[in-house]
Amino acid sequence: MRYLTTDTTKRISKIGLGTWQFGAKEWGYGEPYAAQEAHAIVRRAIDLGITLFDTAEIYGYGRSERILGQALGDDLPSVFVATKILPVLPLAPVVEQRAVASANRLGARHLDLYQMHQPNPVVRDTRAMRGMNALQRVGLVGEVGVSNYSLDRWRAAEAALGSRVLSNQVPYSLVVRDPERELLPYAETQDRVIIAYSPLAQGLLSGRYDASHRPANRVRGANPLFLPENLDRAAGLIAALREVADAHSASPAQIALAWVIRSPAVTAIPGASSVEQLESNVAAADIELTDDEHGALRAAAARFQPVTGRAAMPQLVRSRLQANRVSRGR
Ligand SMILES: NC(=O)c1ccc[n+]([C@@H]2O[C@H](COP(=O)([O-])OP(=O)(O)OC[C@H]3O[C@@H](n4cnc5c(N)ncnc54)[C@H](OP(=O)(O)O)[C@@H]3O)[C@@H](O)[C@H]2O)c1
């Protein structure tokens with residue numbers, strides 16, 4: 001495993017573990033996964049040097065935090081635990097109370113990173129940051145983070161907090177490269193961290209799926225990337241990943257992760273549906289892409305133009321109706 005060089009009290013691994021999948025019905029992994037596999041994934045992650053574990057109060061309505069805390073057990077104080085508040089009412093006392101509730105579910109005395117899950121569209125962060133500041137002063141929270149923030153809003157949060165907001169957790173992958181415009185340069189020059197979520201584009205970049213073999217769950221049923229037309233369009237990008245993967249005796253998913261964490265400011269938090277996937281994702285931390293490989297993947301990514309937004313809506317609705325018919329027919 002490799003680690004960020006950012007100045008934090010505990011090391012942050014370049015590959016972390018995302019745990020939205022733990023106990024969240026929308027991923028459809030079922031009870032055996034929540035009760036056993038998730039635990040095994042966490043234990044193996046610790047063995048392999050992962051220190052960053054990401055969860056949120058909203059994942060499985062608290063269940064992810066509980067599962068993660070139980071699986072970490074006595075190792076909890078030595079890893080870097082990150083959770084998030086959904087800022088529906090981002091007032092200082094609410095932030096403080098919700099941090100305590102998250103810590104209780106995790107069984108933690110300290111949250112290494114407490115993140116605003118997304119910017120509240122109508123309320124500025126002034127009051128929430130007052131709560132974050134109080135949490136830092138009493139020692140319940142180490143670092144404050146944000147998620148899905150623009151650079152302006154991230155900096156405004158730092159001004160309100162009066163100190164650094166360590167990280168911004170954003171979608172970053174070969175399919176979503178927006179953070180490269182402003183967020184990455186800021187993180188690289190100011191010793192901040194980009195936590196890349198959905199680094200495998202929710203599994204699309206593994207190359208496991210195509211138009212005749214689509215993943216069946218609510219998360220990906222609602223993601224236009226998994227529409228048959230987009231899976232067809234992604235074929236060129238997957239082929240480019242396979243070519244680089246062959247040169248490294250690796251898998252397309254590993255190359256996709258190696259591409260994401262190339263910047264020194266980035267750590268990626270892929271989710272995993274099995275221990276094997278977790279092991280494969282950890283190994284990606286040691287793959288070094290050449291400049292040519294990095295460039296070739298970027299070029300292939302630029303050629304992938306998925307149907308998204310409004311244009312994707314009719315197909316998404318059709319596809320959902322079809323899935324409902326199939327599940328009723330079973
Ligand atoms: N802050 C936010 O707003 C936000 C939003 C989304 C996610 N997140 C965080 O980011 C984490 C990761 O994002 P994500 O789960 O959306 O997407 P992701 O990590 O890109 O995709 C995870 C999925 O990819 C597949 N996969 C993982 N490793 C693989 C491998 N080695 N080979 C083949 N397939 C593999 C698995 O699905 P299958 O095996 O079923 O194909 C797994 O469930 C989440 O767990 C969560 O902690 C945060």
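The model is predicted. An oxygen atom of the ligand lies 2.8 Å from an N or O atom in the side chain of Gln-277, and the protein buries 94% of the 900 Å² that the ligand exposes when taken alone.

**Surroundings of the ligand**

- The ligand is surrounded by 32 residues, of which the closest are Tyr-29, Arg-208, Tyr-209, Arg-220 and Ser-273.
- Sorted by class, this shell around the ligand consists of 12 nonpolar, 16 polar and 4 charged residues.
- Helix H11, which covers residues 275–283, contributes the largest share of the shell, with 3 residues.
- The space that the ligand takes is the largest pocket.

- A polar atom in the side chain of Ser-198 is found 2.8 Å from an oxygen atom of the ligand.
- In Gln-202 it is a backbone N or O atom that lies 3.0 Å from an oxygen atom of the ligand.

**Aromatic pairs**

- A pair of aromatic rings is described by how far apart the centres are and by the angle of the planes.
- The count comes to 8 aromatic pairs, and one of them, formed by Trp-20 and Tyr-59, is stacked, with 5.9 Å from centre to centre and 25 degrees between the planes.
- Trp-20 belongs to the loop between strand S1 (17–18) and helix H1 (30–47), while Tyr-59 belongs to the loop between strand S2 (52–54) and helix H2 (63–72), so the pair ties together parts that are 39 residues apart in sequence.

Key:
Residues are numbered from 1 along each chain as its sequence is written. This is a predicted model: local features need pLDDT of at least 70, side-chain atom pairs count only at pLDDT 80 or more; totals for chains, interfaces and linings use all residues. Side-chain values use heavy atoms; hydrogens and water are left out. A residue is near a molecule or strand if one of its heavy atoms lies within 4 Å of it. A polar contact is a pair of N or O atoms within 3.5 Å; within protein, one must be able to donate a hydrogen and the other to accept it, and residues adjacent in sequence count only if both atoms are side-chain atoms. Accessible areas come from the Shrake-Rupley method with a 1.4 Å probe; for residues, only the protein chains shown count as cover. On a 1 Å grid over the protein atoms alone, a cavity is a set of points where a 1.4 Å probe fits but cannot get out, and a pocket is an open set with protein on both sides within 12 Å along at least five of seven lines; lining residues have an atom within 4 Å of a point. A molecule sits in a cavity or pocket if more than half of its atoms lie within 2 Å of its grid points. Helices (H or I, at least four residues) and strands (E, at least two) are DSSP runs, numbered from the N terminus. Ala, Val, Leu, Ile, Met, Phe, Trp, Tyr, Cys and Pro count as nonpolar, Asp, Glu, Lys and Arg as charged, and the others, Gly among them, as polar. Rings of Phe, Tyr and Trp (its six-membered ring) pair if their centres lie within 6.5 Å; planes under 30 degrees apart count as stacked, over 60 as edge-to-face and the rest as tilted.
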